[in-house]
Amino acid sequence: MDALEHQRILISKRLKILKILSVFESLIVLFLAFVFIRDAVISLILAVFVGIFFFRFTSKKLILAKKELQINTLNLFLKRHGAKFKKEGLSQKDFLKLEFVSNLKDFKSQNCFDFKEFKIYDVQFINENKDFFCGILLQSLKTNKKHDFNDEKNIYAKLKNKNFTLDHIFNKNNYFLIATLQNPFFIDLSQNLKDNFEILEKNLNSIKNKFL
């Protein structure tokens, strides 16, 4: 984990440097544009555009390295718990079979977190009334424990807590639809990896205590 933490610090420093450089680039463009054009609004627009383009162009490799680091960090955590990360989701057809909702205008599902006791899928969907749902679908692979969560709550309730929570749960047999703005195994590289692992461990224990 030390090697991954060193990589995280290095990527963060380089991204910060590129952001500073993009600001200087914007200021230079702003000055030159105003000298030649004499229009403050157009000069400002050009400066912002060049700054954004400069950062995006120069940070491509670092952004890819950051995503790879997130996956490597996640895999390290999951490996400790005998779990696997798969870049696969649930099809809309299979999701509708669970009968949580009757109609959908748009459906997206990606990423599968495969544990021995359960599976988790990222899910987002919009119904025909343009109500939006964001959360996860948990499939319990142990059916010996009965659950009866309150299904009367609004499945499309607006969420305020940005962290992972188990406040809004809807179940159908051994499937649990959980409304949450953040995946329980999200890696936040703005924090050190030790803190990330503590949060992931806390979320995992919350899931186990709730459903297993």
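A crossing of two helices is called left-handed if the near helix is turned anticlockwise from the far one by less than a right angle. In the predicted model examined here, helix H1 passes helix H3 in such a left-handed crossing. Two packed helices are described by the angle between their axes and the distance between the axes. For H1, which spans residues 2-37, and H3, which spans residues 60-80, the axes come within 10 Å and cross at roughly 155 degrees. Because angles over 145 degrees count as roughly antiparallel, H1 is roughly antiparallel to H3. On the side of H1, the contact is made by Leu4, Gln7, Arg8, Ile11, Arg14, Leu15 and Leu18, while H3 contributes Leu62, Ile63, Ala65, Lys66, Leu69, Asn72, Thr73 and Leu76.

Backbone angles were examined next. Most residues other than glycine have a negative phi. Arg38, however, has a positive phi, near 65 degrees, and is a residue other than glycine. Arg38 is placed in the loop between H1 and helix H2, the latter comprising residues 40-58, and with a relative accessible area of 60% Arg38 is exposed. A positive phi of about 65 degrees is also found at Lys130, which is likewise not a glycine. Lys130 lies in the loop that runs between strand E3 (118-126) and strand E4 (132-140), and its relative accessibility of 63% means that Lys130 counts as exposed.

The aromatic side chains were then considered. A pair of aromatic rings is described by the distance of the centres and the angle of the planes. Across the whole structure, 14 aromatic pairs are found. In one of them, the ring centres of Phe95 and Phe100 are 6.2 Å apart and the ring planes stand at 20 degrees, so that the pair is stacked. Phe95 counts as buried at 1% relative accessibility, and Phe100 is also buried, with a relative accessible area of 13%. Another stacked aromatic pair is formed by Phe125 and Phe133, for which the distance is 4.7 Å centre to centre and the angle between the planes is 15 degrees. Of these two residues, Phe125 has a relative accessibility of 0% and therefore counts as buried, and Phe133, with a relative accessible area of 2%, is buried as well.

Note on methods:
Residues numbered from 1 in each chain as written. Predicted model: local features only at pLDDT ≥ 70, side-chain atom pairs only at ≥ 80, totals over all residues. Heavy atoms only, no water. Axes fitted to C-alpha atoms, helices over the stretch in contact; angles between N-to-C directions. Helix = DSSP H or I, 4+ residues; strand = E, 2+ residues; numbered from the N terminus. Parallel < 35°, antiparallel > 145°, perpendicular 65-115°, else oblique. Contact = heavy atoms within 4.5 Å. Buried < 20%, exposed > 50% of the residue type's maximum accessible area, 1.4 Å probe, protein only. Phe/Tyr/Trp six-rings, centres within 6.5 Å; stacked < 30°, edge-to-face > 60°.
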